[in-house]
Amino acid sequence: MTLVLGIETSCDETGIGLVADGHLVGQALASSMDEHAVFGGVVPEVAARAHLESLGPVLRAALDDARVDLGDVGAVAVTAGPGLASSLHVGVAAAKALGVSLSVPVHAVHHLAGHVAADTLVHGALPDPCVVLVVSGGHTSLLLVRDLALDEVVHLGDTLDDAAGEAFDKVARILGLGYPGGPAIARAAVDGDPARIALPRALADERGERRHSFSFSGLKTATARYVERVRADGRQPEVADLAASFQEAVVDVLTAKAVAACREHRVDTLVIVGGVAANRRLTALARERCDAAGISLRVPPPALCTDNGAMIAAVGDLLVRADVAPSGLDFAADPSAVLRHSLIR
Ligand code: KG4
Ligand code: ZN
């Protein structure tokens with residue numbers, strides 16, 4: 001059995017996880033989120049410096065959490081992309097240094113494969129095939145996944161503009177709710193009426209080629225225009241109702257398209273992953289619609305939805321167990337890597 005150490009530094013979370021044979025053995029996480037909040041979004045230079053400062057202590061904390069030593073590590077997996085270039089470089093350099101000093105193989109993995117693999121740590125191996133809805137700050141994709149370690153991932157549809165999480169973050173900014181926007185909107189929406197303000201559901205009725213695609217920039221603009229109109233009338237926007245109506249518009253489209261993709265491809269398992277999967281209204285509506293359609297729904301717990309090191313170790317563990325040849329040391333960070341295989345070759 002190989003103990004795989006996973007490193008995640010693609011955005012503002014420094015994560016280290018340890019996984020063996022499908023089981024999470026230990027993990028630790030540091031976040032520079034608070035340092036970015038004053039700027040309303042992630043500042044790459046600040047994030048990269050924070051990774052440099054946090055990586056050592058987070059590595060120590062993860063090893064302590066797992067009650068293992070560095071010498072027990074049998075393979076290293078690292079997010080090689082996509083993400084912020086300067087942040088990715090920190091993790092990639094650390095992974096190579098560990099690989100050389102411990103004489104263990106290094107696997108350069110795709111960040112989104114990590115989000116998918118996170119679910120295996122709590123719900124076991126993924127059924128082949130399954131439909132995966134990835135909803136994060138940078139991505140929104142409907143994927144047809146077979147063997148995550150071996151097979152090419154099929155993109156059924158992606159967002160044509162903003163990612164779902166990005167839309168949450170931008171609308172939160174418009175409403176003055178702060179960063180990160182997803183949790184802030186979810187909190188504000190609790191007391192709001194989701195049917196109070198009519199907002200568009202882009203591509204919801206699309207039947208052609210773009211039936212599995214998403215678009216959120218029109219929804220963001222519609223929300224901004226509504227706020228402008230209300231303010232021009234000398235009034236203040238109803239933040240709770242707007243937050244609830246916006247959240248409902250996003251989760252309505254996400255869940256309808258995910259269930260439709262399962263039906264069309266005759267797949268009976270839907271997996272929802274990524275930071276936005278931490279949204280309770282999203283999972284509640286997905287549960288309702290999956291139940292009605294006879295589809296079983298899998299969503300990792302919130303702490304495994306947002307970025308972490310365990311999910312990257314989980315991909316490394318799948319690759320090791322599938323006997324996939326490691327990357328070697330001459331790979332580079334790829335900030336705009338498209339997900340085709342878990343291992344970025
Ligand atoms: O997966 P993630 O941690 O980082 C990326 O890979 O992008 O996702 C972060 C995104 C942010 O846009 C954040 O606002 C959103 O996930 N998010 C949420 C919630 N928690 C985090 N969006 C909606 N509801 C939430 N509860
Ligand atoms: Zn992510």
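Student: What separates His-111 and His-115 in helix α4?

Tutor: These two histidines are four residues apart in helix α4, residues 111-118, and so they are separated by about one helical turn; a helix here is a DSSP run of H or I with at least four residues, numbered from the N terminus. Please keep in mind that this is a predicted model, in which local features need pLDDT of at least 70 and side-chain atom pairs count only at pLDDT 80 or more, while totals for chains, interfaces and linings use all residues. Residues are numbered from 1 along each chain as written, chains are lettered from A and ligands numbered from 1 in the order written, and side-chain values use heavy atoms, without hydrogens or water.

Student: Why is His-111 called buried?

Tutor: Its relative accessible area is 6%, and buried means under 20%, exposed over 50% and partly exposed in between, with a 1.4 Å probe and protein chains only. His-111 therefore counts as buried, and so does His-115, at 1%.

Student: What makes Gly-56 partly exposed?

Tutor: Gly-56, in helix α2 (residues 44-66), has a relative accessible area of 42%, so it is placed in the partly exposed class.

Student: What makes a polar contact between the side chains of His-115 and His-111?

Tutor: The two side chains come to 3.1 Å, and a polar contact is a pair of N or O atoms within 3.5 Å; within protein, one must be able to donate a hydrogen and the other to accept it, and residues adjacent in sequence count only if both atoms are side-chain atoms.

Student: Where does His-111 lie relative to ligand 1?

Tutor: A polar side-chain atom of His-111 lies 3.1 Å from an oxygen atom of ligand 1, and a backbone N or O atom of Asp-307 also lies 3.1 Å from an oxygen atom of ligand 1.
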